[in-house]
Each structure stands twice: as structure tokens, then as C-alpha cells.
Amino acid sequence: MKGVVLAVPPLGQCEVGFCSLNVPPPLPVLPVPSASQLKWQQREMVMFMHFGVNTFTNNEWGTGKEDPKLFNPKGLDANQWATVAKEAGFSLLVLTAKHHDGFCLWPSAYTNHSVKSSLWENGGGDVLKDLSEATRAQGLDLGVYLSPWDRFEPFYGKEVQYNEFYLGQLQELLTKYGPVSEVWFDGAKGDNTTMTYLFSEWFAIVKELQIYANIFSDVGPGVRWVGNEDGEAGLTCWSTINSSSYHIGQAGTEGYLNTGDPYGTDWIPPECDVSIRTGWFWHSDQKPKSLSQLLDIYYTSVGRNCLLLLNIPPNTTGLLSGEDVERVMEFGKAIKTIFSVDLAASASVTASSVRGPAFSPSNVLSNDLWTYWAPKDLGSNEKSHWIELKVEEAVEFNVVRIQESIGLGQRVMEYGVYASGGDEKKMMLVSNGTTIGYKKLHRLEKPVKAITVSLFIWKFKGDVPLISSFGLHFDPFYNAVSP
Ligand code: FUL
């Protein structure tokens, strides 16, 4: 294999983008993400919180007939929620401002079925206010879940009245609590009442009031559902779908949403919502998932080009319970342990070809999404592009991390990772795949020792693939590799 060893471009000669040598950057491959979607994707993990009357009735779906007086979290402390989120590595918290039972965690002017009628703080409290202040104090962002299905509201089932009522509640949430980064439109809906949701009106209000908010629903428009509540994206996972062929709430779309569509015309990346416990709400008889379960979920969500939306439900006191806190901290720490060391950080990097000095293979050693290796177009006799990491002394790794420069579109459709120079002198395939996207993590059954690790890209969209990062890590928590 013959490589082009690249020198670092002379300082000031080239910048990312147009270069003095006049090699333009590759054209984007459409569709591409918006700035808000890119920011969202780079969060990697978002904390979800289900809290409300269900917390006190031990239910998952309330009926709407609950007495609001049941809601009395005497020790509620949103600062604890935000502190835990921050320390565990989350940058955004999404709270169920209203779940299907219709009870509102803020004092909505449009209903009395809210904290106003509860015993908590004698009806004077506002969970959204507490949370928005706590997140701001920690430098975190806020998201809201406003269930369209409302089993309390008497207008529910009356098209115009309910849609207007819902818009009014959305306006309250989007104007009273500062910036909102994500609005979650849940898909559950009862069978008993016919109700048409005017989604386009709702989404227009979100954009009018919070231009940077990402809108989640099954099919976006900002962020899509991954098709299950287990934190598991498809092994093939495109950030793109054809949203106009599907409507929100359409049955049988799970498989499509799980893998996305290589020819999709809309950039709507998937979010993996999953709970740290069995239920979404807190129940005294449930325990948090184990660290190894959470790490499995991390690899099947963040490691497959998705965002992990991990639910940690406050308990009846209004606090995240001790065992959940302990587990999520362990989880955050484990992720840091695995990924803060890149075993290839000082590798020399060569490639099959290089488009120009600004697109050096060594760009893959940084985590900047906008600096990347770009090869030249394939020659008529060439079947693949490749990039190779070479370290001075063999390293042992069991995780391979590959990232595309998705700001210019998702491209890679078929690739393989090879290693050589460790125990095995020959080059051997350690893993392969179909999509990369923002981030692909390959967790290897057994650790591999190698001096060179190469990524071969056989099939891609656009003229050339663009790799923004390529790293090697060791995951000491992976059971299969423990002695
Ligand atoms: C579902 C809801 O029905 C569950 O209660 C939960 O909120 C989950 C995140 O979404 O559709």
C-alpha cells in the first residue's frame, strides 16, 4: 500500500475552506444539517425527566382524573437535577412540562389542573421556573415536553378549541422561561377521542418564539424518533429521511426511522429515548440499569450516529434518587475514562490521496468537525480511498471511533477497518460497516494490538468521503474483554 505522507501546511498558507493553492473544498452533499441540529448532535447526551402526578400515583399513564393535591414533592430541588446532569456530562435537560394526564408543572393560565392546585409550595410553585433558573446557573440548556394527548382537558377532541388551547400552552412555555433548545412532541394518543393536531401551526409557533429550538417528533422536522425506546439505532443509520412520505403517528414506520434513508431529502437525525429504569416515571420498586447496560446503550445510540436521551425520573421527594445519581455519575465517568485518551493521538497519518494541504490526513486527529481529510477523486484504477494511522509502538484498543464531517452531508456507505503490526503481522479486518455519520463507535469483541490501523472506504455519496476524526480507545468496562 503506497501512501502520501503529508507535511503540515505552512502556517498561514492554508485555512480550512479555500486555500492559497486554490483547491476548493468538496461541495456539500445535500441535505445538510442546520446550525441547531449540528449543535444538538454534538451534545451526544441529553437528560430526560419524567415527573408529574404519575410520580405520586405510581402510574405510567395517568387518567386525567387525578387530584392535583397529590402532587407534593416536599424536597424538590431543581439545582440537584442540574448539578447531576452537568457532572454526568449532559448539556441539555428536557422535562415533561405536561404528560398525558394533563397536569401542568407550571402555573398555566389556561387550566387549573396544575401546580397551582397542588399542595406543593401552597400552590405557588413553578417547576419550569425552578428548572430554568437551575439550568442557567449551571450553563445548561432547557427543553420541554408538552404532551399533545391531554386526558384532563375538556376541549380535547374539539379541533379548533383544543389546538388553540395547546398553542396557548406552548406560547407560555416558550416565552416565560428563557431560551428553549428542544421541544418534544410525543406521539402517544388515545383511541377513544378523534382529535386532529395542527402540527404545522404548532411548529410555526415554536420557530416564531424560539428560532433555535429543535423540534422532536416521530418524523421531525428537527429531530426524529429512532423507532424504539431501548436506545438502539440501526447498525446502518442515516441522519436523512424522506419526511414528506410519512406523517407523525403513522404506524409501521419504526424500521424506516431506525435506519434512516440514504436517499432521504431531509436532514432529520435520530434521537434514542430510553429510561435509566424500566418505567419513564419513578416507581419505588424499580432499580436503575447497570453500568454495563448503560454503556451498551451508549454504543448503540451515540456510537451509531444518534443522540442519547436518557430519562432519569425525580422521585416523590422531588429529587433524583441516590441510586440513579450514583449510576449516572458512574456512567459519565466511564465515558470519560474510555474517550478522554485517544491511543492514536500521536500517530502519523497517511492516506491514499489528499485533495490539498487544507485537507490533510492528520486533520483526523482533532475533534473539530470542520477540519477533515479529503482525498482526491478516485482514479480509474482505484477501488477505494484509505487513511492509515501509524503509531511508534503497538497500542492495544477495543474501540474504533470514526467521524464524518457531517456539516457537508453524510456520505460513507461501505467501509472496513484493518489493523496490522501487533500480534498479527498481516493486515486483518477488525470491523466493517455501512454508515458512519457524526460518530461511529466499533466496540471489538477482543482487544486488538496494532501499529497501523487503516480505514478503507469502498462506497460513498458525493465525489469523495470526508473524515473529520479517526481514533482508537480502550474500554476497560467491556465484560467480554475482562480477564
Ligand atoms: C411515550 C409516552 O407514552 C411515554 O409515557 C413516555 O413519555 C415516552 C417518552 O413517550 O410515547
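Strand β17, which spans residues 467-473, has seven of its seven residues buried, so the strand is largely enclosed by the rest of the structure. This description, like the rest of the report, refers to a predicted model.

Strand β17 pairs with strand β13, which covers residues 385-404, and the two run in the antiparallel sense over six bridges. Within this pairing, R401 has G471 of β17 as its bridge partner.

## R401 and D342

R401 also takes part in a salt bridge, in which its partner is D342 and the closest N and O atoms are 3.5 Å apart. The pair links distant parts of the chain, since R401 belongs to strand β13 while D342 sits in the loop between α9 (322-339) and β12 (348-351), 59 residues apart.

## R43 and D141

A search of the whole structure finds 12 salt bridges. One that involves R43 joins the side chain of this residue to that of D141, with a distance of 2.8 Å from N to O. Here too the pair links distant parts of the chain, with R43 in helix α1 (residues 35-43) and D141 in strand β4 (residues 141-146), 98 residues apart.

Are R43 and D141 buried or partly exposed? R43 is buried, its relative accessible area being 13%, whereas D141 counts as partly exposed at 22% relative accessibility. The two residues fall into separate classes because buried means under 20% relative accessible area, and partly exposed lies between that value and 50%.

## R443 and D296

R443 forms a salt bridge with D296, and the closest N and O atoms of the two are 2.5 Å apart.

## A network of salt bridges

Besides the pairs described above, there is also a linked group to consider. Which residues are linked in a network of salt bridges? The network is made up of R277, K287, E323 and D324.

Conventions. Residues are numbered from 1 along each chain as its sequence is written. This is a predicted model: local features need pLDDT of at least 70, side-chain atom pairs count only at pLDDT 80 or more; totals for chains, interfaces and linings use all residues. Side-chain values use heavy atoms; hydrogens and water are left out. Buried means under 20% relative accessible area, exposed over 50%, partly exposed in between (1.4 Å probe, protein chains only). Helices (H or I, at least four residues) and strands (E, at least two) are DSSP runs, numbered from the N terminus. Two strands pair if DSSP finds at least two bridges between them. A salt bridge is a side-chain nitrogen of Lys or Arg within 4 Å of a carboxyl oxygen of Asp or Glu.
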